[in-house]
Amino acid sequence: MSVAPASLEAAPVRVVDAAGFQAASGATDAQLADLAVFLDLLAEWNEKMNLVGPATLPDFWSRHAWDSAQLLRYAPQALTWADLGAGAGFPGLVLAILLKGVAGAQVHLVESMAKRCRFLAEVSTRLALPTTIHNIRAEELSLSVDIVTARACAPMARLLGYARPYLKRGATALFLKGQDVEVELTEATKYWIFQAELRPSLSDPRGHVVEVKRLSRAKV
């Protein structure tokens, strides 16, 4: 593993509500309205299935929306994305809302649990989002995309295995990770050879965005 220092210096931006999210992300009023509908649907469906921890819903704009939206700062030219283990739609649905109306934009939501796919489909249909939903295990799908991403999907060693088919087709990985990322990266070197760059999270001082390129299996 080769870990490079972050090339983008940025301090976390405190976001507490929709107005703060709009100021931080540059979202339009229409995008903000779509995100509000997403939040309403998330709260409704969360009563029937475990999409996110109920205690995190009041922190939607910071913990979920801004945490997801920051990825566009690190890949502003990317149009095609694959979100592995899309779950409740973070970061995939947030990215799709912010890319809605952009020519060529497409977000692939890859999720193995059918009931979560139904939720992703409901939000996507309601908001007419540029998404494609794949009810399949991430490693069983091979897509050509600009960026492959994931949040709270799996430890890095396993996540790299999921992402490998996408990286082989030319994608760059941008993974949202927490404070234990360096431990995860060290463990991953037992199984993989890769280049990683740790970038600071803009939503949480303890978090990181991990950029991964040039992935291959290590000789065990």
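Which side chains meet in a salt bridge at 3.1 Å, N to O? To find them, select Arg126 and Glu122, whose side chains form this contact. The term salt bridge denotes a side-chain nitrogen of Lys or Arg within 4 Å of a carboxyl oxygen of Asp or Glu.

The model shown is predicted: local features need pLDDT of at least 70, side-chain atom pairs count only at pLDDT 80 or more, and totals for chains, interfaces and linings use all residues. Residues are numbered from 1 along each chain as its sequence is written, and side-chain values use heavy atoms, with hydrogens and water left out.

**First stop: helix α6**

Display residues 114-127, which make up helix α6 and include both Arg126 and Glu122. Helices are DSSP runs of H or I with at least four residues, numbered from the N terminus. The two partners stand four residues apart, about one turn of the helix. Glu122 counts as partly exposed because its relative accessibility is 28%; buried means under 20% relative accessible area, exposed over 50%, and partly exposed in between (1.4 Å probe, protein chains only).

**Second stop: a network**

Next, select Glu197, Arg199, Glu211 and Lys213, which salt bridges link in a network. Within it, the closest N and O atoms of Glu197 and Arg199 are 3.6 Å apart, and both of these residues are buried. Glu211 is buried, because its relative accessible area is 11%, whereas Lys213, at 34% relative accessibility, counts as partly exposed.

**Last stop: the whole structure**

How values were computed:
Helix = DSSP H or I, 4+ residues; strand = E, 2+ residues; numbered from the N terminus.
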